[in-house]
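Please read them with the sequence and the structure side by side.

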Amino acid sequence: MWMDKQRGIRVSQEELLCKNACGYYGNPAWQGLCSKCWRERARAAGTPREEIRPRCDGTLPTFSKFEEKKNIEKGRRINTVRRLFWGSPSPPKPQESSESRANVLKAYENLEPGDFTGFLKILRSPPSQRLQSRCTAFLNTMEAYHDLPVQKQSDLVQDFYQSFAEYFSSFPEAQVTQIMEHVEKLIMTRLHKWVFCHDSCDDEQKDLALQRRIRSLNWVTPQMLGVPFPDEKVSVTGDPFLPAITAIIEMDAKRAPQDKLACVSKCSQHVFEALSRSNSEPANADDFLSSLVYVVLKANPPRLHSNMQYVIRFGLPHSLMAGESGYYFTNLSCAVAFIEKLDGPALSLSPEEFEGYMLGQRTPCALNRRQQVISDTQNLLEDLKGRQEKLDQGMDALNAQLQKWVQEVHSQLDETRSQFVLAQKEITAQKEVLLSTQDNKEESVLVLEDQDGGLRETGC
Ligand SMILES: [Zn+2]
């Protein structure tokens with residue numbers, strides 16, 4: 001297709017999948033393997049005597065597989081973990097009657113999805129005491145051994161998830177997943193400060209290197225990446241990927257791996273929304289990945305490497321290997337890998353052009369346009385500020401005038417009122433005078449009338 005020429009990044013669905021062809025999502029951080037195959041390989045390398053077989057059968061990741069996996073990984077390590085969490089290397093079942101176990105399970109059965117507070121309430125209730133003390137014991141052990149190598153800590157946490165999930169093996173898969181999400185949140189919220197960006201690994205240096213790398217690529221434009229971008233409207237509507245940029249930056253503030261993953265999902269959903277607004281056709285996987293690269297370059301998310309490693313090491317396996325969150329996380333890993341090895345041809349630039357940009361000798365015309373837009377906006381803002389100041393001055397003057405006028409009206413009113421009172425007094429006085437003269441007249445008329453009557457009587 002002719003459009004393909006513009007696209008800097010192309011990735012097929014197959015490329016996103018595990019190199020062992022197990023059907024799960026792979027990740028550049030695990031050399032293209034899924035977390036399961038990667039972990040199995042790492043364990044095989046770490047404990048060569050154990051019988052490790054990759055079991056990539058293409059089925060969905062399930063917690064019920066843990067039982068099977070446990071049977072394969074019969075070894076010293078598992079027994080150590082059991083001793084650590086269950087008090088003895090033997091399975092926990094004999095210590096709890098099937099009746100009390102059924103009661104505990106019943107309480108968890110009615111748990112609403114996503115109700116973490118409800119989960120804590122059940123966990124802290126007396127019937128669930130055994131499970132709660134296991135969590136507490138595990139957390140205390142992890143804190144006490146917080147200087148263990150981070151990979152060891154990751155193994156311990158993953159083993160804990162497995163042993164915890166086993167307890168609910170009679171539950172449907174979806175329900176176990178929900179419960180395990182609560183367990184992950186509970187455990188990792190507390191362990192975060194001990195295991196995030198751990199001293200035993202080079203996460204911090206890698207974070208800094210990635211941050212520097214992203215900063216050195218600040219000249220890359222959406223056009224170079226082939227991102228569908230509303231170029232002309234940029235000054236009016238702003239960056240359509242801003243919500244996605246904000247979401248990926250928020251990742252660092254979360255403590256539970258699933259909450260960090262939720263930020264990645266939120267970011268990705270915002271990318272799809274932005275793409276659907278700027279494109280009439282539905283967004284494809286290439287558009288999505290290019291846009292994600294753009295978002296990561298713009299956001300330069302704090303401690304990105306550490307955050308991703310933390311999710312890989314301490315997240316629930318199923319949330320990374322499949323489903324929406326797995327797909328988005330794999331794409332984010334691809335975006336970071338792309339940024340790390342980004343060169344001229346990937347951006348349709350010659351090596352000389354790429355070098356020129358990296359050395360700051362060149363600036364893309366789109367960048368110039370944006371700088372122009374920025375300076376135009378700044379001028380406009382200055383102008384608006386001046387007008388605002390004038391308006392404020394005018395308002396002050398008007399206010400003073402208004403107050404003066406009100407005072408004048410008040411004094412005129414006072415004057416009028418006093419004049420009115422005077423006039424009223426005068427009128428009353430005149431009225432009284434008038435009334436008294438009228439009375440005198442009436443009296444004299446009466447006298448006259450009386451006199452007339454007397455005359456008439458005498459006249460008859
Ligand atoms: Zn795999």
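1. Pro230 counts as partly exposed, because it has 16 C-beta neighbours inside 10 Å; a residue is called buried if 20 or more other C-beta atoms lie within 10 Å of its own, exposed if 12 or fewer, and partly exposed in between, with the C-beta atoms placed from the backbone. Pro230 sits in the loop between helix 11 (222-225) and helix 12 (234-237).

2. The model is a predicted one, in which local features need pLDDT of at least 70 and side-chain atom pairs count only at pLDDT 80 or more, while totals for chains, interfaces and linings use all residues. Residues are numbered from 1 along each chain as its sequence is written.

3. For the chain as a whole, the secondary structure amounts to 20 helices and 0 strands, where helices (H or I, at least four residues) and strands (E, at least two) are DSSP runs numbered from the N terminus. Of the 460 residues, 29% count as buried. Among contacts between residues at least 6 apart in sequence, 71% join residues at least 24 apart, a contact being a pair of residues whose C-beta atoms, placed from the backbone, lie within 7 Å.

4. Helix 10 (residues 203-216) has 14 residues and reaches 20 Å from its first C-alpha to its last, close to the 20 Å expected at 1.5 Å a residue; the expected span is 1.5 Å times one less than the number of residues. Its buried residues are Asp203, Leu210 and Ile214. They lie on the same side of helix 10 because they cover an arc of only 35 degrees around the axis, the arc being that of the directions from the helix axis to the C-beta atoms. These buried residues of helix 10 pack against helix 15, helix 16 (304-314) and helix 18 (323-340), whereas the face turned away from the buried side carries the exposed residues Gln205, Leu208, Arg212 and Arg215.

5. How do helix 14 (residues 257-278) and helix 15 (residues 285-299) meet, and at what angle do their axes cross? The axes come within 10 Å and cross at roughly 115 degrees; axes are lines fitted to C-alpha atoms, for helices over the stretch in contact, and angles run from 0 to 180 degrees between N-to-C directions. The contact involves Cys267, Ser268, Val271, Phe272 and Leu275 of helix 14, together with Asp287, Phe288, Ser291, Leu292 and Val295 of helix 15. By class, these are 7 nonpolar, 2 polar and 1 charged residues, with Ala, Val, Leu, Ile, Met, Phe, Trp, Tyr, Cys and Pro counted as nonpolar, Asp, Glu, Lys and Arg as charged, and the others, Gly among them, as polar.

6. The axes of helix 13 (residues 242-250) and helix 15 come within 9 Å and cross at roughly 65 degrees. On the helix 13 side the contact is made by Ala244, Ile245, Ile248 and Ile249, and on the helix 15 side by Val295, Val296, Lys298 and Ala299. This contact has 7 nonpolar residues, no polar ones and 1 charged residue.

7. The loop between helix 15 and helix 16 holds Asn300, and Arg303 lies in that loop between helix 15 and helix 16 as well. Phi of Asn300 is near 40 degrees, a positive value in a residue other than glycine, and phi of Arg303, also a residue other than glycine, is positive at near 50 degrees. Asn300 is partly exposed, with 18 other C-beta atoms within 10 Å, while Arg303 is buried, with 20.

Methods. Two residues are in contact if their C-beta atoms, placed from the backbone, lie within 7 Å.
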